[in-house]
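Take each task on your own before reading its solution.

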Amino acid sequence: MTCLSNLIGVEFEYGGRGPNTLDCWGLVQECYWRRHGIRLPDYRSTASPRRNAAMMAREGQKLWHPLPEILEGSVLLIRVGRFGGHVGFVHKKTRFLQALEGFGVIESRTHKFERQIVGAYSYVGPKQDDQGDHCLQST
């Protein structure tokens with residue numbers, strides 16, 4: 001069990017930033033903080049995947065580095081309809097966490113989303129970190 005597994009089951013809410021509700025970007029922010037100790041910029045969620053994708057795309061070239069393959073700790077950009085307006089966080093080699101309306105935070109297998117995954121990315125923008133492990137250790 002990873003330190004991110006305890007997020008599974010958290011309820012979905014647009015604009016949710018925890019601890020009791022998360023949307024897809026709030027989940028990615030929390031996962032990135034726990035895994036890498038880096039606070040990501042906030043993209044406030046709206047009910048419009050197209051608008052969210054546009055906000056991320058504007059900053060994307062300078063803040064996000066595309067990866068040649070899906071790696072643990074990377075952020076997935078996932079197509080919703082014709083637009084890449086959903087994100088998830090790869091927490092195991094072939095699994096990622098995502099927050100979905102009506103389901104909350106769930107774990108999914110990457111191979112089941114091959115057609116929808118636009119790409120995997122790592123954050124290369126300004127860092128607000130404080131070093132150390134941000135995962136709560138389970139006993």
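**Exercises on aromatic rings and a cysteine**

One aromatic cluster is made up of Trp-25, Tyr-32, Trp-64, Phe-89 and Tyr-123. The model is predicted, so local features need pLDDT of at least 70 and side-chain atom pairs count only at pLDDT 80 or more, while totals for chains, interfaces and linings use all residues. Residues are numbered from 1 along each chain as its sequence is written, and side-chain values use heavy atoms, with hydrogens and water left out.

**Exercise 1.** Classify the ring pair of Trp-64 and Tyr-123.

*Solution.* Start with the cut-offs: rings of Phe, Tyr and Trp (its six-membered ring) pair if their centres lie within 6.5 Å, and planes under 30 degrees apart count as stacked, over 60 as edge-to-face and the rest as tilted. Here the centres are 5.2 Å apart and the planes stand at 65°, so the Trp-64 and Tyr-123 pair is edge-to-face. Strands are DSSP runs of E, at least two residues, and helices are runs of H or I, at least four, numbered from the N terminus.

**Exercise 2.** Is Cys-31 buried or exposed, and which residues does Cys-31 touch?

*Solution.* First, buried means under 20% relative accessible area, exposed over 50%, partly exposed in between (1.4 Å probe, protein chains only). At 0%, Cys-31 is therefore buried. Then list its contacts (heavy atoms within 4.5 Å): leaving out residues up to four places away in sequence, Cys-31 touches Leu-4, Leu-7, Phe-89 and Leu-97. Finally, Cys-31 belongs to helix α1 (residues 24-36).
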